[in-house]
Amino acid sequence: MANATPSRLGQVNNSGDAKALFLKVFAGEVLTAFEESTVTAGRFAERTIAAGKSAQFPILGKIAAEYHTPGAEINGLAVPANEVVITIDDLLISHAFLSNIDEAMNHYDVRAPYSTEIGRALAYAKDKQLLQLAILAARGTAPVSGEAGGGSVTASTMLTDTTGEALVASLFSAAQKLDEKNIAADGRTAFLAPNAYYLLAQNTKIMNKDWGGAGVYSDGKVLRVAGIEIVKTNHAPFGQTIANGTVEAGTGNKYAGVFTNTVGVVATKEAAGTVKLMDLAMESEYDIRRQGTLMLAKYAMGHGVLRPSCAIELKTA
């Protein structure tokens, strides 16, 4: 009898690795979980490099203007300039090993929830580091002369005022500080923890459409205050201290800090930047010696402060 010709569902065009297509299911689940879980995507500057350990971001200051005297030679005005170098952190990974026997005994699809959690773990790590950095940016000094540094708004009742008025006033103060530093109104985002976010959601003044409010009271959604997009997140370090040597502190502890009095941070895209050497990638391999499958997701990237003037810290003290 002749051998059957099997249709290998995992092969690409009936050739190559018999599991090639199966791996993409895991990859797709991780990518989806990562993209759905991150709150900082698209809200800070990003750059991808093909090789190397760092990338340079040129920072230009403001140029002056002057009246011209007839007959005088025009030689050009001096423009203050500097650069910010963002280095790549160590390879960050999230992984899980699934035993064959455990998969066989389970009554549900095991790999989907594991791949989701792997993607979320990396998304949360990126968010935490970027939001910590945004707060550190608000505490920083300008990289070029003649430009303002970061800023802060302090109100002791920001979280205890149950009407939300103190927090609303703080957001307007943050917008004012950004305006006074000539920071563009577009792209401003306030990152708040749920306890602060829902104080705003209960404030009918910012919800009142007759006053130009933006939000949905019945859904508990706050869209915008003082022209600032409001984002709710658990990934920020509000009320915490990020100690050295932790994943959140990053390579070289460059994201560590004390944030115990921090309530939120308002920032634009230029406040911080990310350099990617290896974007999110997934691997899955069956280990015959251990009778199970190792699933792993990884990336290599680093973050750094670009323009402190584009960040405002909201704090109680």
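L199 touches M158, L159, D161, T162, T163 and G164, with residues up to four places away in sequence not counted; contact here means heavy atoms within 4.5 Å. The model is a predicted one, in which local features need pLDDT of at least 70 and side-chain atom pairs count only at pLDDT 80 or more, while totals for chains, interfaces and linings use all residues. Residues are numbered from 1 along each chain as its sequence is written, and side-chain values use heavy atoms, with hydrogens and water left out.

L199 sits in helix α5. Helices (H or I, at least four residues) and strands (E, at least two) are DSSP runs, numbered from the N terminus. L199 is buried, at a relative accessible area of 9%. Buried means under 20% relative accessible area, exposed over 50%, and partly exposed in between, with a 1.4 Å probe and protein chains only. The C-alpha atoms of L199 and E165 are 8.7 Å apart in space, and the two residues are 34 residues apart in sequence.

**Overall build**

The protein has 6 helices and 15 strands. Of its 317 residues, 42% are buried. Among contacts with a separation of 6 or more, 75% are between residues 24 or more positions apart. The accessible surface is about 17100 Å², and carbon and sulfur atoms account for 52% of this surface. Accessible areas come from the Shrake-Rupley method with a 1.4 Å probe; for residues, only the protein chains shown count as cover.

**Nonpolar cores**

A nonpolar core is a set of buried Ala, Val, Leu, Ile, Met, Phe, Trp, Tyr and Cys residues joined through side-chain atoms within 4.5 Å. The largest one has 50 residues, and those with the most contacts inside it are F44, L171, L200, V222, I230, V266 and L314. At least two residues of this core come from each of α3 (111–138), α4 (165–180), β6 (189–192), α5 (194–201), β8 (221–225), β9 (228–232), β12 (262–267) and β15 (311–315). Helix α3 gives the largest share of this core, 7 residues. A second, separate core has 14 residues, including L98, I118, A123 and M295.

V266 touches L171, A174, L178, T189, A190, I228, C310, A311, I312 and L314, again not counting residues up to four places away in sequence. One of these partners, I312, lies in strand β15. I312 is buried, with a relative accessible area of 0%. Apart from neighbours within four places in sequence, I312 is in contact with A138, G151, S152, V153, A174, K177, L178, K181, G264, V265 and V266.

H235 is in the loop between β9 and β10 (240–242). Is H235 buried or exposed? H235 is buried, at a relative accessible area of 9%. Its contacts, leaving aside neighbours within four places in sequence, are S37, V39, Y124, D127, K128 and L131.

| Pair | Apart in sequence | C-alpha to C-alpha |
|---|---|---|
| H235 and T38 | 197 residues | 8.9 Å |
| I312 and G149 | 163 residues | 9.8 Å |
| L199 and E165 | 34 residues | 8.7 Å |

**Positive phi angles**

A226 is not a glycine, yet its phi is positive, at about 55 degrees. A226 is in the loop between β8 and β9 and counts as partly exposed, at 24% relative accessibility. Q291 is not a glycine and has a positive phi of about 55 degrees. Q291 is in the loop between β13 (272–287) and β14 (292–305). At 40% relative accessibility, Q291 counts as partly exposed.

**A pocket**

On a 1 Å grid over the protein atoms alone, a pocket is an open set of points where a 1.4 Å probe fits, with protein on both sides within 12 Å along at least five of seven lines; lining residues have an atom within 4 Å of a point. The second largest pocket has a volume of about 200 Å³. Grid points are joined across faces, edges and corners, and a volume is the space filled by probe spheres set on the points. The lining of this pocket has 15 residues, and K62, K181, N182, I183 and S309 lie nearest its centre. The lining residues divide into 5 nonpolar, 5 polar and 5 charged. Ala, Val, Leu, Ile, Met, Phe, Trp, Tyr, Cys and Pro count as nonpolar, Asp, Glu, Lys and Arg as charged, and the others, Gly among them, as polar.
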